[in-house]
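Here is a short briefing on one protein model. Keep the sequence and the 3D view open as you read.

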Amino acid sequence: MDARLQLRVQRYGWDRAAPHYEQAWNQALAPATAAVLAAAALRPGEHVLDVACGSGVLTRAAWSSVAAGGGKVVGTDLSEQMLAQASEQSPQCRFVRADGQHLEDGLAGEDFDVVLCGLGLMYMPDPERALVSMVGRLRPGGRLIVSVWGERRACAWADLFPIVDARVHSEVCPMFFRLGGGDALAQALRGAGLSAVATARIPTTADYADAQAACDAAFVAGPVALAYSRFDETTRSAVHTEYLVSIEPWRVAAGYSLPGEFVIGSARLD
Ligand SMILES: C[S@@+](CC[C@H](N)C(=O)[O-])C[C@H]1O[C@@H](n2cnc3c(N)ncnc32)[C@H](O)[C@@H]1O
């Protein structure tokens, strides 16, 4: 997919997803959020940049860790609606609309002790470029902690993408699982010039009370929201049916408990 088109699909898709995102996804994403914060080991007074901050789940947790010593937290994202939610909940933090691949555009001359990027890299057309951009905002000795979704076969909701892609002109997230496979994330962190690289795989489940909640999380509250918003009722019904068939093995009573996997990567700039 053309990189500029992918950025537009992400920007306006997440604008649509923003009002629904936390309610649909916080439970499933909580293990990744906790693992990123544990790896970051933030200290009072540190300056933190949260890239692809979304509604600010990591941003506000980071603020509570660094504020006491006069710390500072800046959140960046492509989506204005995500940033609006984040800044409403964390008025003490600063928010800047910026592409994670070109942080120099919004944050020239600023550097940070810690850069976080929670579940954002998979949506960027060039994640290696994005890692270099993040490293460019680190002070010497600074830490970078990122999370991505893991192996495709470990994520029960993964058929969502081919189901939507079959009905649009180009793939919505062409590289989604690339950094989650094998030791791809560790290699990418080393390739960005970082040392002390460590990665860990962390399991999760996305629990939904019923089919409606599972479909809302998949289609309304996530990365395919823009494509889905343009589907007519017949197409919406067809993608719901296909998706529910794909997750049927994980049905629990009236609901679903979908396994998933994250990879958490941490590294240091010498
Ligand atoms: C799954 S959300 C993660 C939000 C948050 N970090 C969290 O852990 O809840 C993905 C976010 O990545 C953002 N995003 C996608 N592509 C981006 C890009 N190129 N630059 C910056 N943010 C991007 C989206 O707008 C969305 O808010």
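The model is predicted. Its largest nonpolar core has 89 residues. Helices α5 and α7 pack with their axes 9 Å apart. Y256 is buried.

**Helix pair α5 and α7**
- Helix α5 spans residues 127-135, and helix α7 spans residues 184-191.
- The two pack at an angle of about 50 degrees.
- That angle makes α5 oblique to α7.
- The crossing of the pair is right-handed.
- On the α5 side, P127, E128 and L131 make the contact.

**Nonpolar core**
- V36, V48, V51, A62, V115, L116 and V148 have the most contacts inside the largest core.
- Helix α1 (residues 3-40) supplies the largest share of this core, twelve residues.
- V51 is in contact with T76, G100, L103, V115, L116, C117, G120 and M134, leaving aside neighbours within four places in sequence.
- In soluble globular proteins, nonpolar side chains tend to be buried together.

**Y256**
- Y256 lies in strand β8, which covers residues 255-268.
- Y256 counts as buried because 24 other C-beta atoms lie within 10 Å, and the cut-off is 20 or more.
- Leaving aside neighbours within four places in sequence, Y256 is in contact with Y208, A214, I247, W250 and R251.
- L244 is twelve residues from Y256 along the chain, and their C-alpha atoms are separated by 9.6 Å.

Technical notes: Residues numbered from 1 in each chain as written. Predicted model: local features only at pLDDT ≥ 70, side-chain atom pairs only at ≥ 80, totals over all residues. Axes fitted to C-alpha atoms, helices over the stretch in contact; angles between N-to-C directions. Helix = DSSP H or I, 4+ residues; strand = E, 2+ residues; numbered from the N terminus. Parallel < 35°, antiparallel > 145°, perpendicular 65-115°, else oblique. Left-handed = near helix turned anticlockwise from the far one by under 90°. Contact = placed C-beta atoms within 7 Å. Core = buried A, V, L, I, M, F, W, Y, C linked by C-beta atoms within 7 Å. Buried ≥ 20, exposed ≤ 12 C-beta atoms within 10 Å, placed from the backbone.
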